[in-house]
Amino acid sequence: MSFSAASKQVLRRASTVQRRQFSSTPVAAAAEVKKLGVIGAGQMGLGIALVAAQRAQVPVTLIDTSQASIDKGLKFADKLLEKDVSKQRLSREDATAARERLKPSTQMDDLSDVDFVIEAVPEIPDLKTKIFSRLAQICPSHAILATNTSSISITRIAASTTKNPTDLSAASRVISTHFMNPVPVQKGVEIITGLQTSDETVDTAIEFCKRMGKIPSRSADSPGFLANRILMPYINEAIICLETGVGAKEDIDNIMKNGTNVPMGPLQLADFIGIDTCLAIMNVLYGETGDSKYRPAVLLRKMVDAGWLGKKSGKGFYDY
Ligand SMILES: NC(=O)c1ccc[n+]([C@@H]2O[C@H](COP(=O)([O-])OP(=O)(O)OC[C@H]3O[C@@H](n4cnc5c(N)ncnc54)[C@H](O)[C@@H]3O)[C@@H](O)[C@H]2O)c1
């Protein structure tokens, strides 16, 4: 059997597993998403939770193992909502209602009643697979289990939900909804399917992202998917240009900003994304393809060693 025939057969079976659980049409299924779970209250998780609370108007259980991250995230949510109110983009009542929909917790078990969960913890494969293995146990049997991974294989994450590869009961509900940074601003979201993902899971995820006001693009489960396959080698090359003295950081950023009509240059963008996240994605591209064109810049590794992770740590290529 060819790869595509085999994968279609797996998908058909996954589709049957899922059909029992959500409504027949994707719009109806997405409308049935009455409660969202978000894991990780960092820059992506907080943004996803806030946009879902504001645009899709669903209650969001926001999980983080660090109370400090939750406190920091909620403070940032208050700041964003306040800014929207002051600029008259949002009424005071709607801002209060959105804020009240965010329910923070440090306990994963609080995800036992969500219809859809989006994981946004750091880009560490073992951490994600452990979380999905737990989600398969904790979440209801109809819940969509989405990851915000930037580069890790969805097929691999889905496989971690079970010890039996023919059991698709949870694996068929795993998908990637890869939001772009900053989530409240960027409209794009990549939808990536694993080999096990059911059609209904895809449809429900796409419709729910639309409820959040996003514009989905589909990508195959290939290292880096579409966005990072293109973006990260660009950022990495900018870092190599810096470390080999081809240009100063300001010159690198200015030429790309003023020459290609992007809002910020690659080094500043790396600071906003997180230097550790950039390194993690390059490691996946390099490790999974074995192609030397994806070798992470030496300076990128050194900056992570130094703890200079960009905006979130106060220092990256620039100081914050
Ligand atoms: N930063 C970006 O520009 C960007 C863009 C798209 C996708 N992503 C992806 O989104 C994910 C999160 O990235 P981020 O930039 O928000 O990271 P971050 O470091 O800002 O936040 C991660 C959060 O997860 C929490 N966490 C760690 N372990 C946990 C656990 N076991 N359970 C619950 N919470 C835990 C941390 O305390 C932290 O608050 C990564 O997979 C990343 O690749 C990032």
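Visitor: Where is Thr-161 placed?

Guide: Begin with the elements on either side of a residue. Keep in mind that this is a predicted model. Thr-161 sits in the loop between α7 (154-159) and β6.

Visitor: Is Thr-161 buried or exposed?

Guide: Look at relative accessibility. The cut-off for buried is under 20%. Thr-161 has 9%, so it counts as buried.

Visitor: Which residues does Thr-161 touch?

Guide: Leave out residues up to four places away in sequence. Then Thr-161 touches Phe-132, Ser-133, Ala-136, Ala-170, Ala-171 and Val-174.

Visitor: Let us turn to another loop residue. Where is Ile-152, and is it buried or exposed?

Guide: Ile-152 is in the loop between β5 (144-147) and α7. Its relative accessibility is 2%, so Ile-152 counts as buried.

Visitor: How many residues apart along the chain are Ile-152 and Pro-223, and what separates their C-alpha atoms?

Guide: Read sequence and space as two separate things. Along the chain, Ile-152 and Pro-223 are 71 residues apart.

Visitor: Which residues does Ile-152 touch?

Guide: Again skip residues up to four places away in sequence. The contacts of Ile-152 are Glu-123, Ile-124, Pro-125, Lys-128, Ile-157, Phe-225 and Val-284.

Visitor: Phe-225 is on that list. What is the phi of Phe-225?

Guide: Start with the general idea. Most residues other than glycine have a negative phi. Phe-225 is not a glycine, yet its phi is positive, about 55°. Phe-225 lies in the loop between β8 (215-219) and α9. With 3% relative accessibility, Phe-225 counts as buried.

Visitor: Where does Gln-57 lie, and what is its phi?

Guide: Gln-57 lies in the loop between α3 and β2 (60-63). It is not a glycine either, and its phi is positive at about 55°. Gln-57 is partly exposed, with a relative accessible area of 48%.

Visitor: What about peptide bonds?

Guide: Most peptide bonds are trans. Here a cis peptide bond joins Asn-181 and Pro-182, with omega about -5°. Pro-182 is in the loop between β6 and β7 (188-193).

Visitor: Now the ligand. Which residues around the ligand come nearest?

Guide: Count the surroundings, then pick out the nearest. There are 26 residues around the ligand, and Asp-64, Glu-123, Lys-128, Ser-150 and Ile-273 come nearest. Glu-123 and Lys-128 are also among the contacts of Ile-152.

Visitor: Which atoms of Lys-128, Ser-69 and Met-44 lie by an oxygen atom of the ligand?

Guide: For Met-44, a backbone N or O atom lies 2.9 Å from a ligand oxygen. For Ser-69, a polar side-chain atom lies 3.0 Å from a ligand oxygen. For Lys-128, a polar side-chain atom lies 2.6 Å from a ligand oxygen.

Visitor: How much of the ligand does the protein bury?

Guide: Compare the ligand alone with the ligand in place. Alone, the ligand exposes 840 Å², and the protein buries 86% of that.

Visitor: What supplies the shell around the ligand?

Guide: α3 (43-56), α6 (125-138) and β6 (174-179) each supply at least two residues. The largest share, 3 residues, comes from α6. By type, the shell has 10 nonpolar, 12 polar and 4 charged residues.

Visitor: How many residues does the largest nonpolar core have?

Guide: The largest nonpolar core has 41 residues. Leu-36, Val-60, Phe-116 and Phe-179 have the most contacts inside it. α3 gives the largest share of this core, 9 residues. Apart from it lies another core of 24 residues, including Met-108 and Ile-138.

Visitor: Last, is Val-246 buried or exposed? And Asp-305?

Guide: The cut-off for exposed is over 50%. Val-246, in the loop between α9 (227-243) and α10 (249-260), has 65% relative accessibility, so it counts as exposed. Asp-305, in helix α13 (residues 298-306), has 68%, so it also counts as exposed.

Note on methods: Residues are numbered from 1 along each chain as its sequence is written. This is a predicted model: local features need pLDDT of at least 70, side-chain atom pairs count only at pLDDT 80 or more; totals for chains, interfaces and linings use all residues. Side-chain values use heavy atoms; hydrogens and water are left out. A residue is near a molecule or strand if one of its heavy atoms lies within 4 Å of it. A polar contact is a pair of N or O atoms within 3.5 Å; within protein, one must be able to donate a hydrogen and the other to accept it, and residues adjacent in sequence count only if both atoms are side-chain atoms. Accessible areas come from the Shrake-Rupley method with a 1.4 Å probe; for residues, only the protein chains shown count as cover. Helices (H or I, at least four residues) and strands (E, at least two) are DSSP runs, numbered from the N terminus. Ala, Val, Leu, Ile, Met, Phe, Trp, Tyr, Cys and Pro count as nonpolar, Asp, Glu, Lys and Arg as charged, and the others, Gly among them, as polar. Buried means under 20% relative accessible area, exposed over 50%, partly exposed in between (1.4 Å probe, protein chains only). Contact means heavy atoms within 4.5 Å. A nonpolar core is a set of buried Ala, Val, Leu, Ile, Met, Phe, Trp, Tyr and Cys residues joined through side-chain atoms within 4.5 Å.
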